[in-house]
Each structure stands twice: as C-alpha cells, then as structure tokens.
Amino acid sequence: MNKKEDKPMSNTIDTMIDPNDAVLLLIDHQSGLFQLVRDIELPVLRSNVTALAKISRLAKIPTFTTASVPDGPNGPLIPEIHQHNPEAVYIPRTGQINAWDNPTWVDAIEKTGRKTLLIAGTLTSVCMAFPTLSALAAGYKVFTIIDASGNWSQMATELTLARVVQAGAMPIDTYAVIGELMNTWNRPDAMEFATVMVDLMPIYRALMESYDKAQSVQRDGLETKLDRQMAHV
C-alpha cells in the first residue's frame, strides 16, 4: 500500500505559519541599501533572501516585492529574487518610506484573502519594521524574518526586535520559514525543498551524502575489497 501523502498544515497553532494563509513580503532588498548593512554578512543576507524567493515559489506563497527610490542611491532590487520567483509581483511606490503607506501594496495583499504576513526588509529598523507595525495594527499576523533583513548596526536591530515583538510580531529565521512552509517530507517536491536547504546551509549536504552512502551500502553492499575484508574481521 502506498503511503498516504500528509495533508497541508491547518491554521490551528496561532504561533506557527499556515502555508495556506501566508504571504511573503520582500521589501527594499536593494543593492545600494545593502552597502549600509553591518549586522549580518552580505553574502549570508543575499543567500537568505534568495532562498525565501525560491521557497515561496515552491510552496505557492503569494510574494510581493517593492523598492524605495530604485532610480536613486538606494539602487535596484537584487535580481535573484525575481530570477528565482518569476511569479513574484513587484509593486512600485511613489516615495513612501513605509511600504504600507502605498495603497496599491495594501490592496494587493488584501486581494489574496490571506492574513499571515512573512516580512523581510532592508533596513530592518525602517523597511521591515514600519510595514510590520502597520500590518499588525491592521489585524494581520506577522512573522519578521530577521536574517533576511539587514541593518546598519546590531544595536539598531536589537531595538527594532524589541519594538516589533512588543507590538505583537513573531521573529523567525529563514531556515525555520522553510521548514514551516514545507511542513512535511511526505510531498512530491520534498527534494526540491531539500535542495534549497542545501544551498542555504551547505553543511546539510554532508548529512545527505552520508545518508545516501549508507543507503547504497544497504542496497549494493560494501564498495571496496578492503571494506569487504574488514567486514569479516
């Protein structure tokens, strides 16, 4: 009998992400603003944002991006986001610092009918925090993805975390978002999720390789003559 595929998570635990109710918001991940980031290494930040773009596409999570004056010093959005998630929708804004002050942005979110927002933005204390506070006030459940947001100092990040948590937001990291959206290994695209995990955390590849080798020994026997001799010692 074939193993029955697990059902998607239902929204029964209010402190966890229901993939069927989630929207991903990637705010101001721009090349100019990235140069101000001091609380996380830029390659790590960039790879976390890219992983979120990949995972939201796999999990079929509506994804919206926006940029703050991309024609000015803040620079363009990093291209990886839309390269890896062509279904993500870019929503320009007309000078608003808080993306939530853009009616087109809010309207797009409302039209999804979903009430859980996964928010990452650069800079953390402005581009992530301001929309988070506005969304909470509007009645949304908000998860702030801290390691996919970058800030100008560690102290600024700590102050921002205290502020948004007191307002009701739940901080989370990229890897946890992947796990909650994936929900189960019993799904046909499980290895696609695993590939994103490996890209994000290369050490996980070593774990998978060890597992694959153990499986091959069970299936095909020991690989070398020395191994076979040692097995009889």
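This is a predicted model: local features need pLDDT of at least 70, side-chain atom pairs count only at pLDDT 80 or more; totals for chains, interfaces and linings use all residues.
Where is the place of A67? A67 sits in the loop between β2 and α3, the latter being residues 80–84.

A67 has 1% relative accessibility, so it counts as buried, the cut-off being under 20%. Leaving aside residues up to four places away in sequence, A67 touches D28, Q30, L77, Y90 and R93. Take R93 from that list. A67 and R93 are 26 residues apart along the chain, and their C-alpha atoms are separated by 7.3 Å.

Next, D28, which is also on that list. D28 is found in the loop between β1 and α1, where α1 covers residues 31–34. Its relative accessibility is 0%, and therefore D28 counts as buried. What does the side chain of D28 reach at 3.2 Å? That is the backbone nitrogen of S68. The D28 side chain also makes a polar contact with the side chain of R93, at 2.8 Å. Again not counting residues up to four places away in sequence, D28 touches L33, T66, A67, S68, L77, R93, T122 and C127.

Now the strands. Strand β2 runs over residues 63–66 and is covered on both faces. T63 and T65 lie on one side, F64 and T66 on the other, and all of these are buried. Which strands pair with β2? Strand β1, residues 22–27, pairs with β2 in the parallel sense over four bridges. Within that pairing, L24 has T63 of β2 as its bridge partner. Strand β3, residues 89–90, pairs with β2 as well, in the parallel sense and over two bridges. Here the bridge partner of F64 is V89 in β3.

Helix α7 spans residues 174–182, and its buried residues are T174, V177, I178, E180, L181 and M182. What do these buried residues pack against? The helices are α2 (42–58) and α8 (190–200), and the strands are β4 (116–121), β5 (141–145) and β6 (170–172).

Just after the helix, N183 takes a positive phi of about 75°.

Terms used. Residues are numbered from 1 along each chain as its sequence is written. Side-chain values use heavy atoms; hydrogens and water are left out. Buried means under 20% relative accessible area, exposed over 50%, partly exposed in between (1.4 Å probe, protein chains only). Contact means heavy atoms within 4.5 Å. Two strands pair if DSSP finds at least two bridges between them. A polar contact is a pair of N or O atoms within 3.5 Å; within protein, one must be able to donate a hydrogen and the other to accept it, and residues adjacent in sequence count only if both atoms are side-chain atoms.
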